[in-house]
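Thank you all for coming; I would like to walk you slowly through one protein chain today. Please keep the picture in view while I talk.

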Amino acid sequence: MIASAFKQRDRLRIGVQKSGRLTQPSLDLLASCGLKFRQSRDKLFCYGENMPVDLLLVRDDDIPGMIRDAVCDLGFVGRNESTEQGLAWRADPSGLPFEEVKALDFGACRLSIAVPLEWDYSGPQTLTGKRIATSYPELLKRFLKQHAVSAQVVELAGSVEIAPKLGTADCICDLVSSGATLTANALKEVERLLESEAILISSTTRFADEREGLRELLLRRLDGVLKVRDAKFLMMQAPDSALALITSLLPNADPATILPAAGGFSSVSALCHARLTWEHLEALKAAGARSIVVLPIDQMLV
Ligand code: PRT
Ligand code: ZN
């Protein structure tokens, strides 16, 4: 049944979260790859107008399962969801396997264990005998096993952070991004189990039809889009005495263009392929650079 469904389609189908944190960034990324869609009235299906690539808009939790069942070929999900369901798949390997094929650089968060503020936490053994609420039982069980801790996993579908207040658990294992939700619930983060971001997952099986070429094309375009997104053009004035230090501080940069300027300074410009942070700019300033300007790149042909 799966094998025949797998053979039949000549259009690539991608699972995208219907409504949530990943929805708009995923659609924006596909648009940057040049894909245009027409949405169905019930808003569950987007028909690819300029390429044979369609979208199914569903709950993010359902996307790995849809790949396993050959309903979708690719999907945008959090690494948290993909890893959790990948562990479940290993325990019950039915359907098609899937894998992470690209990290997408949005939706960053981490899966962490958090305990009440008043706890004197001294390591994983502190969790012995405790009830831990989570929506990620497989990841939590893996962590407990790795640390040989015996604790009770309380599986909850949502509102995990209020479980200790309600008395249904002693502590939690949940996603954290800013940490504000933990603070609001008088909890502190004590263990990080997984660093997550949005990723593209794909069935590991090679397609015997047009979808193989379409998947490759999409991955290539995504590569290009993500490269340009991180790249920045950096310009500054640097003291001649510190040129070697300053050019060494440029993150993943092409060779810098250096032109002599007045007063012992040179104009330095370079294309940086890594994300520039305030720390990078502050380090350049501390090394003597001034008038530092960061410019976004719209398109690049190298
Ligand atoms: O309906 P559906 O199942 O599709 O939606 P959902 O509720 O499962 O998904 P959604 O949109 O909340 O999250 C989708 C994905 O976004 C997750 O699987 C993560 O990969 C990613 N993501 C990034 C997050 C967060 N950041 C995040 N902060 N998902 C959830 N949260 C929640 C967290 O669970 C906690 O309740 O935000 C709260 C913590 O946030 P801070 O900023 O207070 O720490
Ligand atoms: Zn979900």
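This is a predicted model: local features need pLDDT of at least 70, side-chain atom pairs count only at pLDDT 80 or more; totals for chains, interfaces and linings use all residues.

The domain assignment of the chain gives three parts: domain 1 covers 12–107 together with 197–227, domain 2 covers 109–196, and domain 3 covers 232–296. If we take the centres over C-alpha atoms, domain 1 and domain 3 are separated by 38 Å.

Let us turn to helix H4, which consists of 13 residues, 79–91, and spans 18 Å from its first C-alpha to its last, close to the 18 Å expected at 1.5 Å a residue. How many residues of H4 are buried? The number is 10 of the 13, so the helix is largely enclosed by the rest of the structure. Among the buried ones are Arg79, Asn80, Leu87 and Trp89.

Another residue of helix H4 is Glu84, and I would like to stay with this one for a moment. Glu84 is buried and yet has no salt bridge, since the nearest side chain of opposite charge, that of Lys141, is 7.2 Å away, and a salt bridge is counted here within 4 Å. What the side chain of Glu84 does reach is the backbone nitrogen of Glu138, at 2.8 Å.

Next comes strand E10, residues 171–176, which is mostly covered, with 5 of its 6 residues buried. Strand E7, residues 109–116, runs antiparallel to E10 and is joined to it by 5 bridges, and within this pairing Leu111 has Leu175 as its bridge partner. Strand E8, residues 131–134, pairs with E10 in the parallel sense over 3 bridges, and here Ala133 is partnered with Ile172.

Ala70, although not a glycine, has a positive phi of about 65 degrees. Ala70 sits in the loop between helix H3 (63–68) and strand E5 (74–78), and with a relative accessible area of 4% this alanine is buried. Asp105 is not a glycine either, and its phi is positive, at about 70 degrees. The place of Asp105 is the loop between strand E6 (98–103) and E7, where, at 32% relative accessibility, this residue counts as partly exposed.

Asp105 also brings us to the charged pairs, as its side chain meets that of Arg275 in a salt bridge, 2.6 Å from N to O. Arg275 lies in the loop between strand E15 (265–272) and helix H10 (278–286), and Asp105 in the loop between E6 and E7, so the pair ties together parts that are 170 residues apart in sequence. Arg275, at 46% relative accessibility, is partly exposed.

The count of salt bridges comes to 17. One of them joins Glu49 to Arg38, with the closest N and O atoms 3.4 Å apart. Glu49 is in the loop between strand E3 (45–48) and strand E4 (53–58), while Arg38 is in strand E2 (residues 37–39), so this pair ties together parts that are 11 residues apart in sequence. A further salt bridge is made by the side chains of Arg192 and Glu189, at 3.5 Å from N to O. Finally, Arg9, Asp73, Asp209 and Arg211 are linked in a network of salt bridges.

Technical notes
Residues are numbered from 1 along each chain as its sequence is written. Chains are lettered from A and ligands numbered from 1 in the order in which they are written. Side-chain values use heavy atoms; hydrogens and water are left out. Domain bounds come from an automatic or database domain assignment. Helices (H or I, at least four residues) and strands (E, at least two) are DSSP runs, numbered from the N terminus. The expected span of a helix is 1.5 Å times one less than its number of residues. Buried means under 20% relative accessible area, exposed over 50%, partly exposed in between (1.4 Å probe, protein chains only). Two strands pair if DSSP finds at least two bridges between them. Lys and Arg count as positive and Asp and Glu as negative; His and the chain ends are not counted. A polar contact is a pair of N or O atoms within 3.5 Å; within protein, one must be able to donate a hydrogen and the other to accept it, and residues adjacent in sequence count only if both atoms are side-chain atoms.
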